[in-house]
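The entries follow in the order in which I made them.

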Amino acid sequence: MGCLDDGRFAVEIENGVSVGRGEVGLGNEGGGVIEDAVKVLLEGLGEDVNREGLRKTPLRVAKALREGTKGYRQKVKDIVQGALFPEAGLENRVGHAGGAGGLVIVRDLDLFSYCESCLLPFQVKCHVGYVPSGERVVGLSKLSRVADVFAKRLQEPQRLADEVCSALHQGIKPAGVAIILQCTHIHFPDIESVFLDTKHQGWMKVLVSSGSGVFENKTAGVWADFFSLLKFRGINMDKIHFRGPSDPCWCPSQSSLSSKVSSKFGPVNPVMITAVASIIESLGEDPLREELIGTPSRFVKWLMNFQNSNFDMKLNGFLCGGSVNEEVNFNNKKISSELNIPFWSQCEHHLLPFHGVVHIGYLMSDGFNPIGKSLLQSIVHFYGFKLQVQERLTRQIAETISPLLGGDVIVVVEASHTCMISRGIEKFGSSTATIAVLGRFSTDPTARASFLQSIPSPTSSGEQ
């Protein structure tokens, strides 16, 4: 199974994880450590920590990290032992097809965790199965709570699966436990690579498994039962990759392209690196742990994509008849549009990523050329790669495009915010839409409706 050392792990299940000396809170010393570190990071980005919008960011980040890593301060024993129930007929033998010791599965547990390699959140779809033994069953909600304890730590997929498996096996003492995780890591481009890699894939995905007892043998028949009950979730044994120690890290921050591009930024600010290391220690982790040694540097390199800088955008020469997704005749003018322009950004309230697509429409008179798509994408990236809020991003794109095309502009931004799942709200699958209208679009509801109806549904425009 590849789980942690049983002796040390048993102590952790019993007593929880000891938190580092920087215990985080809303007013105690640890909270102050994180808040001070966030101020250092904001100043390193060239931001004014006292400006409106950023004034409370250090406190908000501390609260979000506290919530997102609360698993370090929870005890698995407290969760499991109070939810074990006697069930006659469940002896030490293993049965099938509803007999004694029949398989129990809880599917589609939505979790999130923080990647230990880059500190960006990743999402997890967790499937848990166990075969009861010794006349013991556990309350089904506790399977989710145990999984969440280990997800709410700095993690990587295989270790997360192994830790959940070990905790349940030792806490329930069943005939066996099986864990399947579908993990999805947001693959945000660097500000340079977004222009170099035109076919950028926005996600890194991996399926991992862990098993104990009767599930320790990967070819055991009980695994076939488990997968049979998961197959309509799009999962089968052929898709499962049993990761080994020689497998490369799944985190995009350690990909060859990311390393190649980030090397162009030069040396990373050591003060910012020290600040991130202090955050990691305040959460209860050891920043010198092998898997975490390079994490502060990687996070700072990612964050520097959003430094407060003013690029000289040369707009002349871009009004050059670029591709137009759709033209609709509208009272002597045409509604031209560019739909599903991807963007990536960083929420200035929580320093967590958000991403999505931008839809742009504008009215043109005969004789005018549509704006080049390359310029629209550049404008979107220019305002995306800053500390942002979605409402401001939408308005800035509209105001920049408006004078180029006569003032009749409509911009819609659809986005998914990781802060909606990673700070206690846990609204998985939620999305946000914002709209900015200028010129005729602000006064003519028919023109607005015509453009809005042309926007494709999220399911047809790809994964958001």
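The entries below cover the basis of the work, the cavity search and the salt bridges.

**Basis.** I worked on a predicted model, in which local features need pLDDT of at least 70 and side-chain atom pairs count only at pLDDT 80 or more, while totals for chains, interfaces and linings use all residues. I number residues from 1 along each chain as its sequence is written, and side-chain values use heavy atoms, with hydrogens and water left out.

**Cavity.** I looked for cavities, a cavity being a set of points on a 1 Å grid over the protein atoms alone where a 1.4 Å probe fits but cannot get out.

I then listed its lining, meaning residues with an atom within 4 Å of a point. There are 19 lining residues, and Val61, Leu65, Leu119, Phe299 and Leu351 lie nearest the centre. The elements that give two or more residues to this lining are α2 (29–44), α3 (57–68) and α10 (270–282); helices are DSSP runs of H or I with at least four residues, strands are runs of E with at least two, and both are numbered from the N terminus.

**Salt bridges.** I counted 14 salt bridges, each a side-chain nitrogen of Lys or Arg within 4 Å of a carboxyl oxygen of Asp or Glu. For burial I used relative accessible area (buried under 20%, exposed over 50%, partly exposed in between; 1.4 Å probe, protein chains only).

Arg392 and Glu348 pair at 3.1 Å, N to O. This pair links distant parts of the chain, 44 residues apart: Arg392 is in helix α13 (residues 390–401), and Glu348 is in the loop between β9 (333–347) and β10 (353–365). Glu348 is buried at 1%, whereas Arg392 is partly exposed at 21%.

Asp444 and Arg440 form a salt bridge at 3.6 Å, N to O. Asp444 is buried at 15%, and Arg440 is partly exposed at 23%. I also noted that salt bridges with shared partners join Glu116, Arg159, Glu163, Glu285, Arg289 and Glu291 into one network. Within it, Arg289 meets Glu285 at 3.0 Å, N to O, and Glu285 is buried at 13%.

How values were computed
On a 1 Å grid over the protein atoms alone, a cavity is a set of points where a 1.4 Å probe fits but cannot get out, and a pocket is an open set with protein on both sides within 12 Å along at least five of seven lines; lining residues have an atom within 4 Å of a point.
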